[in-house]
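Subject: A structure to look through

Dear colleague,

I am handing over the structure below, and I would be glad if you read the notes that follow with it open beside you.

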Amino acid sequence: MASVRVAKNKLTTPTQQSRFELGVCMAIYSWEALAVAVQNFWGGPDSADKRDWMVGSIVELYEQQEQVDSEDIEDRLLQIMEDEFEVAIEDDSANDVAEKIVRIFEQCKEGDFSLADSLYQKYQSKSNSSSAPVHVVEQEEVTGDEME
């Protein structure tokens, strides 16, 4: 675990709160380890719902505690990954996500939404570029008689 960053105080406006929630969502959605777990349904058929629940769980940390640091967030992320997706994260990616969330909170508290907006724009461009429709073409079964 790297350095611990602490965020104090609460967000005071609905705009700050909504942009913080967007930023947390985008930080978690862009976490590669979680994306792989969701895509492969390691959390079962409701893997995407579990990812959304994870976002709410992190936002809830800020509502329940006076101080939230990156270690609190990292611990929660790792616990959810193990409990809900049966994945043990052994790299520092959870810490990276936690640090990003603390920065998002600090910025939103100051009325600066640049990091949350940037993450959202990256997500949108990635979604637009990877959302090309996939066409499945069913081939007729060819029997030995037809091949001659």
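A residue counts as buried when its relative accessible area is under 20%. Phe105, at 2% relative accessibility, is therefore buried. Please keep in mind throughout that this is a predicted model.

Aromatic rings

The structure contains four aromatic pairs. Tyr29 counts as buried because its relative accessibility is 18%, whereas Tyr123, at 31%, counts as partly exposed.

A second pair is formed by Tyr62 and Phe105, and it is classed as stacked because the ring centres lie 4.5 Å apart with the planes at 25°. Tyr62 sits in helix α3 (residues 47-64) and Phe105 in helix α5 (residues 93-109), so this pair ties together parts of the chain that are 43 residues apart in sequence. Tyr62, like Phe105, is buried, with a relative accessible area of 6% for Tyr62. Ring pairs also bring in Phe20, which together with Tyr62 and Phe105 makes up a cluster.

Helix α3

Helix α3 has 18 residues, and from its first C-alpha to its last it reaches 25 Å, which is close to the 26 Å expected at 1.5 Å a residue. Its buried residues are Ser47, Lys50, Arg51, Met54, Val55, Ser57, Ile58, Val59, Leu61 and Tyr62.

Which backbone oxygen does the side chain of Ser47 reach? It is the one of Gly44, at 2.6 Å. Ser47 lies in helix α3 and counts as buried because its relative accessibility is 1%. If its neighbours within four places in sequence are left aside, Ser47 is in contact with Ala37, Val38, Phe41, Trp42 and Phe85.

Definitions and conventions. Residues are numbered from 1 along each chain as its sequence is written. This is a predicted model: local features need pLDDT of at least 70, side-chain atom pairs count only at pLDDT 80 or more; totals for chains, interfaces and linings use all residues. Side-chain values use heavy atoms; hydrogens and water are left out. Rings of Phe, Tyr and Trp (its six-membered ring) pair if their centres lie within 6.5 Å; planes under 30 degrees apart count as stacked, over 60 as edge-to-face and the rest as tilted. Buried means under 20% relative accessible area, exposed over 50%, partly exposed in between (1.4 Å probe, protein chains only). Helices (H or I, at least four residues) and strands (E, at least two) are DSSP runs, numbered from the N terminus. A polar contact is a pair of N or O atoms within 3.5 Å; within protein, one must be able to donate a hydrogen and the other to accept it, and residues adjacent in sequence count only if both atoms are side-chain atoms. Contact means heavy atoms within 4.5 Å. The expected span of a helix is 1.5 Å times one less than its number of residues.
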